[in-house]
Amino acid sequence: MEFRIDRRNGVPAFQQIVQQTKQALRLGVLVPGDRLPTAKDVAEVSAVNPNTTLKAYRELEREGLVEPRPGKGTFVRRTLARPSASTDSPLYGELVAWVSRAAEAGLEQEDVAALVASAMEKQYAAGTETAATTTRSTGE
Amino acid sequence: MSNGMYAGDSALEAHGLGMRYRRGWALKDCSFRLPAGRICGLVGPNGAGKTTLLSIMAHVLEPTEGTLSVFGAAPGSVDSGRTSFLTQEKPLFRGFSVAETLRLGQELNPGWDQRTAEDIVRAGDVPFDAKIGTLSGGQRTRVALALALGKRPDLLLLDEPMSDLDPVARKELTGTLLAEAAEHGTTVLMSTHVLAELENVCDYLVVLSGGGVRLAGDVDELLSVHTMVTGAKEGEDLPASLAHHPLVESRISGRQFTALIRPDSPATGPWETDKPSMEELLLAYLRSPDALPLITPTAQAQDQDQAYNTRTVAA
């Protein structure tokens, strides 16, 4: 596993490491029991400050995805791969069909991206709020 | 390496540090702290006092006023740990071979790490029997860095270390430097003009300008307390409702204004806000010598009584 740190895209390096690790967990590149590269390895290969890598690993640990084993390194605890999110799932098929209808309707790539982003925001921004409210009400 | 890293021991503490040369003050009333284990960028325009500050830390120069402690002790004393200082000139004996240069490092430094030094030289394919005088600038830098790291320093001071390296060697040597720092918990302070070189490499920053500290602190903290604002100008100036936020720098281009502010409260209004990049933050402070300096709590020199001796009274 090697992180590709883009110094120009404005996303902090530690977030890029978090995102790329999660992506690797989704794609099955990393599976439970795998060891993440050490802060020293990442520093050597990608010229990234070791404290940045440690910060990213603490964030992943907080989310329960990895665990540090003293003297051994940081290990993957659980995967993010979901069968329904793979490219041979029916959901993906529907999406491909929809994108092709959008293209037929004359939409440019940017228009499609904007629509998808907007729909995602509508679903997931509201979703988090509901989830938070539910948690709070069950907590009381 | 959890919280201790943030609040923990000081590698460097400067109290009212000043240095006067015949032509005037190169450094004046410089106070800041660098926690141990950090990789800190020292940034400033030419003549800002960077080399002077590094030389005082390396015990090459005595300050005219103020005090500096290295790991709680006087620079150069036994308790101040091992310090390596790689100067811009990278002085090496031209008539020595690479192997002889490393041998010298071994003879002069108890605790010398021959393997680390050799690995760094080997990674650049520099022949061990080549004379220093025949090496290219980049190869010489590599040997000098091997010498500095072979010493296994607690504090590594680098003055414009990568200036004569090509992009490939620069990335490779930066990686080596960071990996060594990660393994041994070395505190690194490196000066540079190339701001892009600092991004992702440094987790701490000290900005010097006009002989004084303009900005010091943890990179994430410094970035998070600043906001970049872009919008339409009001009349000939920034919107009046933005005026109560402390301003670092503003620019007007056509009908648009761009401002870097240090808001005390969320800066909401008819404009767009964004977090600055490290380069934007540094440029704004370097271009605005009159902006209010910012030294975050972890970068503030601690209680004067805890310094190893009392401060020389300034005139």
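These questions and answers cover the pockets, a surface patch and the cavities of a predicted model.

Me: What is the volume of the largest pocket?
Reply: The largest pocket has 22 lining residues. A:Ser84, A:Ala85, A:Ser86, A:Leu91 and A:Leu95 are the ones nearest its centre. Its volume is about 870 Å³.

Me: Why does the largest pocket lie between two domains, and which are they?
Reply: Look at where the lining residues come from. Both domains of chain A named here give residues to the lining, so the pocket lies between them. They are domain 1 (13-76) and domain 2 (84-139).

Me: How many residues in the lining of the largest pocket are charged?
Reply: Sort the lining by class. Eleven residues are nonpolar and seven are polar. The charged residues number four.

Me: Which helix supplies the largest share of the lining of the second largest pocket?
Reply: This pocket holds about 680 Å³ of space. From chain A, H1 and H3 (50-62) each supply at least two lining residues. The largest share is four residues, and it comes from H7(B).

Me: Which residues lie nearest the centre of the second largest pocket?
Reply: The lining has 30 residues. By class, eleven are nonpolar, eight polar and eleven charged. Those nearest the centre come from chains A and B: A:Pro12, A:Ala13, B:Glu199, B:Asp220 and B:Leu223.

Me: Which helix supplies the largest share of the nonpolar patch?
Reply: The patch covers about 810 Å² of surface, with A:Trp98 and A:Met120 among its residues. H4 and H5 of chain A each supply at least two of its residues. A:Val116, for one, is found in H5. The largest share, five residues, comes from H4(A).

Me: How many cavities of 30 Å³ or more does a search of the whole structure find?
Reply: Size sets the cut-off here. The second largest cavity has about 40 Å³ of space. With the cut-off at 30 Å³ or more, the search finds three.

Me: Which residues line the second largest cavity?
Reply: Start with the classes. The lining has two nonpolar, two polar and two charged residues. The names are B:Leu149, B:Arg152, B:Pro153, B:Glu180, B:His184 and B:Thr186.

Terms used:
Residues are numbered from 1 along each chain as its sequence is written. Chains are lettered from A and ligands numbered from 1 in the order in which they are written. This is a predicted model: local features need pLDDT of at least 70, side-chain atom pairs count only at pLDDT 80 or more; totals for chains, interfaces and linings use all residues. Side-chain values use heavy atoms; hydrogens and water are left out. On a 1 Å grid over the protein atoms alone, a cavity is a set of points where a 1.4 Å probe fits but cannot get out, and a pocket is an open set with protein on both sides within 12 Å along at least five of seven lines; lining residues have an atom within 4 Å of a point. Grid points are joined across faces, edges and corners, and a volume is the space filled by probe spheres set on the points. Ala, Val, Leu, Ile, Met, Phe, Trp, Tyr, Cys and Pro count as nonpolar, Asp, Glu, Lys and Arg as charged, and the others, Gly among them, as polar. Domain bounds come from an automatic or database domain assignment. Patches are made of residues with over 30% relative accessible area and no salt bridge: like charges are joined within 9 Å, nonpolar side chains (Val, Leu, Ile, Met, Phe, Trp, Tyr) within 5 Å. Accessible areas come from the Shrake-Rupley method with a 1.4 Å probe; for residues, only the protein chains shown count as cover. A salt bridge is a side-chain nitrogen of Lys or Arg within 4 Å of a carboxyl oxygen of Asp or Glu.
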